[in-house]
Structures are given as C-alpha cells and as structure tokens.
Amino acid sequence: MDNEKSVEYDLGAITENALALSKLSYEAEEQREQSLINQSSQMATSFSFISAVILMLFPIITDTYSEVSLRCLTMLGSTILVLLILSLGLALFVQWRFKYQALPCPKEILDHELENADNFNTPEQRNKSFAETLDDIWRSKRKNNDFRALLIRISMGLFFVALCLLLVSIICATIAFIKK
C-alpha cells in the first residue's frame, strides 16, 4: 500500500485566484502612481510657500538689521533658494506622465486570441494569459513609480536641507543678536 497521498489541484480556482491577485496588484500600482503625483503637487505648494517666506524675509532683515553682512545674507538666501528650486523641479518632474507598457488595442487582442485559439480554449488558459498581460503593464508602471518615489525622496531631502539651513541660520542669528 502506498503511504503517499495523491494531491489534486483545482487549476481553475488557482488561476482565478492568480487573476484576482494580478488585478488587485495592478490597481494598487495605479493608486500608487496617483498618490505619488498628488504628493508631488502638495510638495510644490510647500516649496512655493517657503520660497515666498524667504523672499519676504530678505528685505525685512536687510532693512531692520543694517549690521548684517549683505554678502553673507545673499549667499545664504541664494543657497536656500537654489535648494528649494531644485526640490521644486524634481517634484514637478514626478508629475510627468512617463511612457509605460499599455494594453494592446482591442483588435490586436482579438486577432491574437483567434490566431492562438488553442491557448485560450479553457478558462485556466485565459486567466493565465490575462495575468501575464497584466504583468507586463504592472512591471512598466512599477518601474516608473519606483523612479517617481526616488525623485520624491531626493526632492524631500533637498527641501529638508534647505529648511534646516534656514532654521540653523535663524537660530544662529538670534543667538548672535541676543549676545550683543
């Protein structure tokens, strides 16, 4: 007597599950794309606000504190603004609609399935084909979204460096004027 059990697989259920997960994964990548684009829009608003604050502070500081070195203040302000502009540029570039693998046109899909009818005969074969087609699109979108996420991380890094530079300079200036 054979002690090993015979394992039977429900191929239909397995391919339906794979197809459902493939669709879910694709939709999640679509949502990720929109989330990254929305985040970059919000970042652009923040950069614009901070840039306006810095440009408004510059003349106030030069008028109020005549002993402040105009050269030093200009270099500091320029450095912060350059960092903010680079950060803004990256955030805006995230919104670019990058090229990605799209679904073939309906006629191409129909022609392909008719030409390869033997490969689309069962529901399992159709599910497999659909999941494979979604995989190509998902990989293309994932690559673009990973690049967008990288740009956002760099942009946020530049933004925080600019903010830290601004805050440190304000704290140092405050301490220097308190000591006088």
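User: What relative accessibility does Arg32 have, given that it counts as partly exposed?

Analyst: Heads-up, this is a predicted model, so local features need pLDDT of at least 70, side-chain atom pairs count only at pLDDT 80 or more, and totals for chains, interfaces and linings use all residues. Residues are numbered from 1 along each chain as its sequence is written, and side-chain values use heavy atoms, with hydrogens and water left out. Partly exposed sits between buried (under 20% relative accessible area) and exposed (over 50%), using a 1.4 Å probe and protein chains only. Arg32 gets that label at a relative accessibility of 26%.

User: Which side chain meets that of Arg32 in a salt bridge with an N to O distance of 2.9 Å?

Analyst: A salt bridge here is a side-chain nitrogen of Lys or Arg within 4 Å of a carboxyl oxygen of Asp or Glu. The pair links distant parts of the chain, 114 residues apart, with Arg32 in helix 1 and its partner in helix 4. Helices are DSSP runs (H or I, at least four residues), numbered from the N terminus. At 2.9 Å, N to O, the partner of Arg32 is Asp146.

User: And what relative accessible area goes with Asp146?

Analyst: Asp146 also belongs to a salt-bridge network with Glu29, Arg32 and Arg142. Asp146 counts as partly exposed because its relative accessible area is 36%.

User: Which residue forms a salt bridge with Arg148?

Analyst: The closest N and O atoms of this pair are 3.4 Å apart. Arg148 is in helix 4 and the partner is in helix 1, 115 residues away.

User: What is the N to O distance in the salt bridge between Glu33 and Lys141?

Analyst: Glu33 in helix 1 and Lys141 in helix 4 are 108 residues apart, so this is another link between distant parts of the chain. Both residues are buried. In general, side chains of opposite charge can pair when their charged atoms come close. For Glu33 and Lys141 the N to O distance is 2.9 Å.

User: How many salt bridges does a search of the whole structure find?

Analyst: The search of the whole structure puts the count at 9.

User: Which element gives the largest share of the lining of the largest pocket?

Analyst: A pocket is an open set of points on a 1 Å grid over the protein atoms alone, with protein on both sides within 12 Å along at least five of seven lines, and its lining residues have an atom within 4 Å of a point. This one has a volume of about 590 Å³, and Ile61, Val68, Leu73, Ser169 and Ala173 are the closest to its centre among 22 lining residues. Helix 1 (11-64), helix 2 (70-94) and helix 4 (123-179) each give two or more residues. The largest share, 8 residues, comes from helix 4.

User: How far apart are the C-alpha atoms of Ala173 and Val68?

Analyst: Ala173 is found in helix 4 and is partly exposed, because its relative accessible area is 33%. Val68 lies 105 residues away along the chain, with a C-alpha separation of 9.1 Å.

User: What volume does the second largest pocket have?

Analyst: Its lining has 13 residues, with Ile109, Glu113, Ser129, Phe130 and Thr133 nearest the centre. Helix 3 (106-115) and helix 4 each supply at least two of the lining residues, and helix 4 gives the largest share, 5 residues. Volume means the space filled by probe spheres set on grid points joined across faces, edges and corners. For the second largest pocket that is about 280 Å³.

User: How many residues does the largest nonpolar core have?

Analyst: A nonpolar core is a set of buried Ala, Val, Leu, Ile, Met, Phe, Trp, Tyr and Cys residues joined through side-chain atoms within 4.5 Å. Helix 1, helix 2 and helix 4 each supply at least two residues of this core. Phe47, Ile54, Ile80 and Leu84 have the most contacts inside it (heavy atoms within 4.5 Å), and the core's residue count is 17.

How values were computed:
On a 1 Å grid over the protein atoms alone, a cavity is a set of points where a 1.4 Å probe fits but cannot get out, and a pocket is an open set with protein on both sides within 12 Å along at least five of seven lines; lining residues have an atom within 4 Å of a point.
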